[in-house]
Amino acid sequence: MSRFVLAFFLVVLSGTSLAQSPVPSHVPTPSATATATVSPTATVSPTAVVARVNGVVLTQADLDVKERGIFPYFRIHGGQIPAKAQEEVRGMAMNQLVLDELVYQETRRRKMIVPEAKLQKGLRELRGSFHSQKAYQEDIAKKYGSESAFERSIRRTLLIRQLWDQEVTRKSVVTPAELRAYYEKNRARFVRPEAASIQSISILNPKNATEEQKQVARKQAEELLPKARAAKNYEEFGVLAEKVSEDPWRVMMGDHKWTHRGEVDPQFEPIFSMKPGETSGVLESKEGFHILRVNDHQAKRQMTFAEIRDRLRTDQEKERRQHVAETFEKRLKMAAKITTM
């Protein structure tokens with residue numbers, strides 16, 4: 001098995017044990033960040049104190065684990081978090097680190113325990129992921145010093161999860177009766193507007209186009225119109241769109257999928273009166289000139305409870321979970337003495 005199995009498991013446990021907490025869900029992506037640079041914390045000792053929670057010391061090493069859990073791309077950035085992301089990632093990691101400790105301390109106050117069978121089952125699964133007992137023990141020794149220290153870490157994480165489940169996850173469940181009541185009260189929100197499935201061929205204006213340039217673009221579109229109208233089906237129109245269109249949908253055969261009434265510019269409203277298989281004339285927008293083919297229609301209608309039940313449950317529980325988590329976190333922090341460095 002991969003030598004990173006254990007490391008990954010620990011990141012999952014300690015880095016995201018409170019994945020449903022109010023910690024922001026946005027994580028910077030490689031494309032949105034700068035080229036990797038040396039982090040300001042790179043020379044900080046792993047034992048340096050970064051926070052104290054009711055007198056318990058949290059170290060740079062603890063924070064590093066959280067940061068790498070939040071920003072898993074650090075390996076492809078030379079082992080560093082990109083400069084533009086450092087402040088945000090550190091803030092998120094610190095919040096998780098402190099919150100984990102607060103939740104753990106609360107488990108101790110309540111005298112909670114992890115069922116031994118549950119702990120041993122997890123450990124057996126971990127051991128089984130290594131090609132040998134020796135490899136498992138060597139990895140444990142390198143990261144934790146001893147197997148007993150590792151087990152304490154796993155036990156701590158399981159306790160945190162156990163309390164979070166009790167105080168947040170379970171209290172965020174929305175019952176079928178609550179879902180039905182919400183649906184009935186907000187039926188107007190679940191009306192699907194009229195929609196048309198369309199493809200497009202577009203000739204776009206240059207940036208800051210002059211009237212002369214716009215006329216050139218219009219002429220190109222008008223020259224393409226007979227070819228577009230000659231297309232007998234979705235595939236033929238799509239092939240033409242791939243060849244000549246200049247809008248982003250050209251890579252998908254010009255296919256926009258379903259476009260709803262009220263979500264399109266007024267000049268495109270004719271698509272809702274066109275028949276399936278019909279192609280428009282040249283339509284102008286501020287971006288350029290467009291030829292649209294309608295492939296299908298959906299009439300406006302009330303969506304049934306059965307259709308939206310699962311999505312509604314997900315949305316309602318997410319909203320409730322955020323509120324419950326924020327309330328729980330606030331309660332823990334109000335009763336705590338927290339110092340961050």
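Predicted model: local features only at pLDDT ≥ 70, side-chain atom pairs only at ≥ 80, totals over all residues.
View 1. You'll find Asp255 in strand E5, residues 255–260 (strands are DSSP runs of at least two residues, E, and helices are runs of at least four, H or I, numbered from the N terminus).

**View 2. Who sits around Asp255.** Leaving out residues up to four places away in sequence, Asp255 touches Ile198, Gln199, Tyr234 and Trp249 (contact means heavy atoms within 4.5 Å). A polar atom of the Asp255 side chain also lies 2.7 Å from the backbone nitrogen of Lys257.

**View 3. Helix H5 from end to end.** Helix H5 covers residues 133–144, and its 12 residues should span 16 Å at 1.5 Å a residue (the expected span is 1.5 Å times one less than the number of residues). The end C-alpha atoms are 16 Å apart, which agrees. Just after H5, Gly145 takes a positive phi of about 90°.

View 4. Ala135, Tyr136, Asp139 and Ile140 are the buried residues of H5. Looking down the helix axis, these buried residues fall within an arc of 130°, so they line one face of H5 (the arc is that of the directions from the axis to the C-beta atoms). Over on the other side, Lys134 and Lys142 are exposed.

**Notes.** Residues are numbered from 1 along each chain as its sequence is written, and side-chain values use heavy atoms, leaving out hydrogens and water. Local features need pLDDT of at least 70 and side-chain atom pairs count only at pLDDT 80 or more, while totals for chains, interfaces and linings use all residues.

Technical notes. Polar contact = N/O pair within 3.5 Å; in protein donor to acceptor, adjacent residues only side chain to side chain. Buried < 20%, exposed > 50% of the residue type's maximum accessible area, 1.4 Å probe, protein only.
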